[in-house]
Amino acid sequence: MRTAVGYAGGRSTNPTYHDLDGHAEALAVTFDPTMISLDDLLHRFWAAHDPADPGSARSQYRAALFLSGAHQRAAAQASADAVAASLRRPLATSIEVAPFYPAEAYHQKWYLRRERPVFEELVAGYTDEAAALASTAAARANAFVAGHGTAAQVARDLPRLGLSARGQARVSELHRQRGRR
């Protein structure tokens, strides 16, 4: 439903990009479990990276799965155990329950922000930029501009994002250019 970039897993309560204090860069995903299950999200998480690779020695880029609460830990650990068994080697990706701190606004929806006319058009449909950035429409538009999602998803969801025909055409064009699927 929504995404935000930010920081998790460090020592301070208000990290910034220039003062991470042990936090890792992280992505928060707000999802509707009637549309996609936690197990499906975990499957996608493990498939999106090499879980046996610890990532960078710098804590900012470490491989980690940050959970919003202990209620998710059992499912995450079970999925990690299954991945480790299938790989036949231990995982380097840590699993941690940690609070998420949103990054500064200029980091949010990075791909969409680079397309100023589309970004400004989307923001104009909300009370302010913060409301637009927190919207499902911005999450989807950002993903599509970055080339994520299928052509069928773009065709289904793009008309619902509140963009003009010109804005929709630009997002669709960028998705075709950058698409990976």
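Which loop holds D21? D21 sits in the loop between β1 (2–8) and β2 (24–30); helices (H or I, at least four residues) and strands (E, at least two) are DSSP runs, numbered from the N terminus. This is a predicted model, in which local features need pLDDT of at least 70, side-chain atom pairs count only at pLDDT 80 or more, and totals for chains, interfaces and linings use all residues. Residues are numbered from 1 along each chain as its sequence is written, and side-chain values use heavy atoms, with hydrogens and water left out.

**Positive phi**
- Most residues other than glycine have a negative phi.
- D21 has a positive phi, near 50 degrees.
- Its relative accessibility is 28%, so D21 counts as partly exposed (buried is under 20% relative accessible area, exposed over 50%, partly exposed in between, with a 1.4 Å probe and protein chains only).
- K109 also has a positive phi, near 55 degrees, and lies in the loop between β5 (100–102) and α3 (110–113).
- K109 counts as buried because its relative accessibility is 4%.

**L133**
- L133 belongs to helix α5 (residues 129–133) and is buried at 9% relative accessibility.
- Beyond its neighbours within four places in sequence, L133 is in contact (heavy atoms within 4.5 Å) with T3, A105, Q108, K109, R113, F119 and A138.
- L112 is 21 residues from L133 along the chain, and their C-alpha atoms are separated by 9.9 Å.

**G167**
- G167 is placed in helix α8 (residues 165–178) and is buried at 4% relative accessibility.
- V118 and G167 are 49 residues apart in sequence, with a C-alpha to C-alpha distance of 5.5 Å.
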